[in-house]
Amino acid sequence: SSQGELPQAEAAFAQAQTLYQKLVETETASPDVYDGLASVITLLGNHFEILGEFEKSESACRQALTIYQGLRTQEPSEPRWASGEASAWLGLGNAHYRKEAYDLAEPEFRRALTIWETLFGESPEDRRLLQKLAKAKESLGVCLRRQKRLPEASLALEGALQDWKQLAADAPSDATNLTGQAEALNNAAAFAHGQGEIERAVSLTKEAIAIRQSLHTRDPSNASWLYQLALVQQNLGVVENGREDFVAAAEAFKAAFSWWDQLFAETTPLERWRDHWTQGVREAESTYRKLWTQALTESNGARALQYAKETLALSLARWEDQPMDAGRRYHVALVALDVTATYGKFKEFDKALPTYELAHYLFGSLLDKGFPSEADSERHKDLARLGKIGRALGDQEIEDYRPDRAILQQLSDLPAFLLRELENLSRD
């Protein structure tokens, strides 16, 4: 499942569950068999949580809880049953957290934490128990942060980070310790960022990136590790935006998108991977827009045009796999219009034509489809701007416009929805 082979993992879990269920149905089934069944069901619940199937995840974790609580009733002193119950509570908490049911997730995380604290107190040499304890602290801390209970969240997140650092120091080649430390660093950075501690957030994020890069180097085929590397690199861009270092933010986003491109080329992305990528594109577009504005203020033509093109590319990329409704068309049309104006400002009229055609085409399609009434006044202002630019380029009025497909296709990386529309235009 961690390798991104989710359908195969689900089939394997289901097969194991069936085999264990047959053993349980025999009269001689031992507690170890029940433990095996509950363990597989917990893993299946975790798998469903990764897929975003939260009801199935919750159901599986509750089944596992029932089995482990029955085992603990029979053998209260057996630590394996207690740890298994804690794992099921953690899985249930994760499902509720992903559903944003934080009031349900918090007590479930606390139940897991309490059990593992007790077990670790009895066996402080057990590093696997410390790993589980650190994960429970981290899950609770993230949940408390969502609930705005910041002092408690800080205590839990810092405790988790220190545990993972100790584990990584004790066994630096253990991938579980390294991934745990990287995740704890990322969560601590998000908390610091939210508190306005920008320099600390940058430092913690860069530590997390270094670990994620080392893990990716160790196993380049691990899709989950590559996803985490892309995500934490993207988080650095967000944090750099927070301290208004937009050049550094742009570099971080560029690095993140190279990892995203590699991930999407090598595996079928999960829906939440695609959602995180889309969030990154939105943040990066905002960053490049700010750099573009700065360059215009400084009358730096080369930089202004560079950032203008980057902004347009990102605005188009956001809608590659999504329906292009009126609001989205309007957004891209505005970006294309401003890029055209930037080319015109610096007398690059030949380069202005393709983006002018794009703005013209999108505005024209909005006239055909009917635009939301609340935006009418702004739309007319933008159409007037477009007409002014068009007249400067020697073009006709927008009402008489028919797109020049050849000029439009000079734009590189046009998204699929536009290519399909242009193909349909050529048949009309």
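## Helix crossing and a buried tryptophan

The crossing of α12 and α13 is left-handed (the near helix is turned anticlockwise from the far one by less than a right angle), where helices are DSSP runs of H or I with at least four residues, numbered from the N terminus. The contact, meaning heavy atoms within 4.5 Å, is made by residues including W277, Y288 and W292 of α12 and Y307, E310 and L314 of α13.

The model is predicted, with pLDDT of at least 70 needed for local features and 80 or more for side-chain atom pairs, while totals for chains, interfaces and linings use all residues. Residues are numbered from 1 along each chain as its sequence is written, and side-chain values use heavy atoms, with hydrogens and water left out.

The axes of α12 and α13, which are lines fitted to C-alpha atoms over the stretch in contact, with angles from 0 to 180 degrees between N-to-C directions, come within 8 Å and cross at roughly 160°. The two helices α12 and α13 are therefore roughly antiparallel (an angle over 145 degrees).

| Helix | Residues |
|---|---|
| α10 | 223-242 |
| α11 | 246-266 |
| α13 | 301-317 |
| α14 | 326-345 |

Elsewhere, W81 is found in helix α4 (residues 79-98) and is buried, with a relative accessible area of 1%. Leaving aside residues up to four places away in sequence, W81 touches P31, D32, D35, Y68, L71, R72 and E75.

Notes:
Angles under 35 degrees count as roughly parallel, over 145 as roughly antiparallel, 65 to 115 as roughly perpendicular and the rest as oblique. Buried means under 20% relative accessible area, exposed over 50%, partly exposed in between (1.4 Å probe, protein chains only).
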